[in-house]
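Subject: Structure handover

Hello,

Here is the structure for you to look over. My notes on what was found follow below it.

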Amino acid sequence: MSEARAAAVGRPLVLFPPFLWLALFFLAPFAIVLKISLSEPATAQPPYRPQLPWSLDPERWRAFVEGLGLENYRTLLADDLYWGAGLASLGLAAVSTLLLLAVGYPIALAMARASAAWRPILVALIIVPFWTSLLIRVYAWMAILSPEGFLNRALLALGIVGEPLQILNTNAAVLLGLVYSYLPFMILPLYASLERQDPTLAEAASDLGASPLVTFWTVTFPLSRPGIVAGALLCFIPIVGEFIVPDLLGGSETLMLGRTLWSEFFSNRDWPLASAVAVVMTVLLVGPIVAYRNAEARRLEPRG
């Protein structure tokens with residue numbers, strides 16, 4: 001068999017497992033959620049209709065298709081509650097991602113500039129604390145931020161404040177919890193990108209008269225852009241749908257999509273409307289990612 005024929009046969013075999021994995025664990029669940037979002041709520045089990053007809057009867061399939069509709073999406077467009085929850089989620093996710101970048105970049109840079117013997121230890125120090133359950137760590141922050149908690153006691157003992165501050169059940173507490181919870185997801189991609197950089201590039205910039213600050217902004221920072229984008233995506237996307245942190249650290253006015261989805265699924269038992277929220281959120285998040293990947297692919301294409 002010639003090399004060209006072997007490559008033509010082997011390429012589909014190599015691509016088949018990842019495409020199968022994507023179809024089973026992303027496309028199939030998304031198709032189920034999309035179908036539920038086109039249904040209507042019902043007092044039944046499961047709590048929606050129509051249900052997929054497991055037969056070849058064309059009449060049953062025709063009735064199934066006719067029972068689907070876009071009413072849930074019209075409700076989303078008309079109700080300010082979902083608009084507010086979506087905008088609040090995007091805003092908190094954006095601010096949290098910027099804070100994560102501001103906190104995580106110096107840590108990742110220090111780790112990348114450390115000696116080879118210290119780097120594995122520093123990576124372990126970032127990862128090991130997060131082996132503890134997220135729920136337990138968020139409960140710990142509730143104890144720290146409460147009016148009788150450690151933080152307020154320390155501030156009172158130092159004379160910085162005269163009475164306990166109301167930190168818990170505020171957006172500030174939510175931001176603090178989000179930054180703490182997702183910090184490793186920002187640090188590790190940044191560290192991987194910074195650690196791979198050739199140190200001679202910064203040395204060359206310094207030899208040419210560039211100051212350390214100019215060297216950082218013209219050499220180090222641009223070369224770390226893949227790590228910045230990877231870390232931002234790893235943090236921003238799950239934060240938009242975060243439920244535990246805003247539910248435990250945020251107040252009643254902290255409205256995010258994760259809490260809205262939970263309320264629709266478990267309190268209101270309105271699975272179709274909750275599925276519509278999930279579909280819209282997925283489309284809004286996946287669209288920019290795909291556009292960015294296509295733009296990067298075009299940028300990296302060799303120009304003739």
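The centres of domain 1 and domain 2, taken over C-alpha atoms, are separated by 36 Å. Twelve residues from domain 1 and nine residues from domain 2 make the contact (heavy atoms within 4.5 Å). Domain 1 covers 25–69 and domain 2 covers 75–299, with bounds from an automatic or database domain assignment.

This is a predicted model, in which local features need pLDDT of at least 70 and side-chain atom pairs count only at pLDDT 80 or more, while totals for chains, interfaces and linings use all residues. Residues are numbered from 1 along each chain as its sequence is written, and side-chain values use heavy atoms, with hydrogens and water left out.

Between the two domains about 860 Å² is buried, 79% of it from carbon and sulfur atoms; this is the accessible area (1.4 Å probe) that the two parts lose on being put together, summed over both. On the domain 1 side, Phe30, Ser37 and Pro47 lose the most area to domain 2, together 44% of what that side buries.

UniProt, in an unreviewed entry, places the feature "transmembrane region" at several spans, including 12–34 and 81–109; such annotations may be inferred rather than shown by experiment. Residues 12–34 are 100% helix and 0% strand, with end C-alpha atoms 29 Å apart. The span 81–109 is also 100% helix and 0% strand, and its end C-alpha atoms lie 41 Å apart. Helices here are DSSP runs (H or I, at least four residues), and strands are runs of E of at least two.

Regards
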